[in-house]
Amino acid sequence: MTATQGRPAAGDETNGDLAAESRGAGGGSAGRSDTVAGVVGQWRVVRPELDTGPMEIVGRVNRCAALLQQAESAPLRRAGLSRPEFDLLGALMRTGHELTPGELARETFSSGAAVTKRLKVLTERGLVERRGDTRDRRVSHLRLTDAGRDLVDAVMPEQLAYEGAVLSPLDDDRQNELADLLGELLSRLEGHLRTRQP
């Protein structure tokens with residue numbers, strides 16, 4: 001069964017014909033009540049010939065990402081950090097060695113300008129320190145200070161617990177299934193983008 005082959009909700013056999021009609025060319029949103037299902041339903045009214053199946057996945061991934069970003073998780077907020085700032089600190093922690101701003105940009109999927117702005121805030125807070133390159137003054141190397149390392153150590157368990165609570169409506173099997181599916185999609189997308197780079 002593909003992701004676009006929806007099914008009526010259990011116990012809703014009397015509405016089976018209506019559900020089948022609402023699936024139209026795209027199939028999938030019948031019985032779902034999230035905001036993307038509403039958007040898909042509207043498109044099926046005005047353009048019933050369109051296959052809205054991709055929207056059921058991409059739209060939901062985008063919507064989930066937007067809601068998670070808006071939520072600004074409590075542990076990071078209490079630490080006075082944005083998620084992108086914490087990602088920089090986390091990259092310096094998990095790689096275990098100094099990184100240049102360019103390397104940090106690649107590690108965190110950020111632009112150079114965004115990394116520069118975030119590093120300014122983090123260095124002013126005493127969480128990151130910069131060391132000049134002895135061979136090339138244009139290059140700098142960044143590492144966590146003791147305060148930065150202590151902050152990551154303190155926040156990371158709380159952050160993981162928070163994210164676990166967000167995912168708690170899904171049991172472990174469903175979470176593993178979702179992680180596998182998203183991992184497969186991400187690997188394919190990253191491979192596709194790499195082959196298109198000059």
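A residue counts as buried when its relative accessible area is under 20%, as exposed when it is over 50%, and as partly exposed in between. Gly59 has a relative accessible area of 21%, so this glycine is partly exposed. Keep that cut-off in mind as we walk through the model, which is a predicted one.

## The overall picture

Let's start with the whole chain. The protein chain has nine helices and two strands. If you read along the sequence, the pattern is α-α-α-α-α-α-α-β-β-α-α. The chain has 198 residues, and 26% of them count as buried. Its accessible surface comes to about 13,500 Å², and carbon and sulfur atoms account for 56% of that.

Leaving out neighbours within four places in sequence, Gly59 is in contact with Val36 and Pro54.

Thr35 belongs to helix α2, which covers residues 35-46. Is Thr35 buried, partly exposed or exposed? Its relative accessibility is 47%, so Thr35 counts as partly exposed.

| Pair | Apart in sequence | C-alpha distance |
|---|---|---|
| Thr35 and Arg60 | 25 residues | 8.6 Å |
| Gly59 and Thr35 | 24 residues | 9.4 Å |
| Ser73 and Tyr162 | 89 residues | 7.2 Å |

Ser73 from the table lies in the loop between α3 and α4, the latter being residues 74-78. With a relative accessible area of 8%, Ser73 falls under the 20% cut-off and is therefore buried. Setting aside residues up to four places away in sequence, Ser73 touches Gln159 and Tyr162.

Now hop over to Phe109, in the loop between α6 and α7, where α7 is residues 112-124. For background, most residues other than glycine have a negative phi. Phe109 has 73% relative accessibility, so this residue counts as exposed.

Next up are the two strands. Strand β1 is residues 128-132, and five bridges join it to β2, with the two running antiparallel. Where does Arg131 find its bridge partner in β2? That partner is His141. Strand β2 spans residues 140-144 and is mostly covered, as four of its five residues are buried.

His141 shows up again when you look at Thr100. Thr100 is in the loop between α5 (83-95) and α6 (101-107). Not counting residues up to four places away in sequence, Thr100 touches Val139, Ser140, His141 and Leu142. Thr100 has a relative accessible area of 18%, which means it is buried.

## How α5 meets α8

Last stop: a pair of helices. Helix α8 covers residues 146-167, and it packs with α5 at an angle of about 120°, their axes 11 Å apart. Which residues make the contact? From α5 come Arg83, Phe86, Leu89 and Met93. From α8 come Arg149, Leu151, Val152, Asp153, Val155, Met156, Gln159 and Glu163. Sorted by class, the contact of α5 with α8 has seven nonpolar, one polar and four charged residues. As for handedness, the crossing of α5 and α8 is left-handed.

Key. Residues numbered from 1 in each chain as written. Predicted model: local features only at pLDDT ≥ 70, side-chain atom pairs only at ≥ 80, totals over all residues. Heavy atoms only, no water. Buried < 20%, exposed > 50% of the residue type's maximum accessible area, 1.4 Å probe, protein only. Contact = heavy atoms within 4.5 Å. Pairing = 2+ DSSP bridges. Areas by Shrake-Rupley, 256 points an atom, 1.4 Å probe, with all protein chains shown as cover. Axes fitted to C-alpha atoms, helices over the stretch in contact; angles between N-to-C directions. Left-handed = near helix turned anticlockwise from the far one by under 90°. Nonpolar A, V, L, I, M, F, W, Y, C, P; charged D, E, K, R; others polar.
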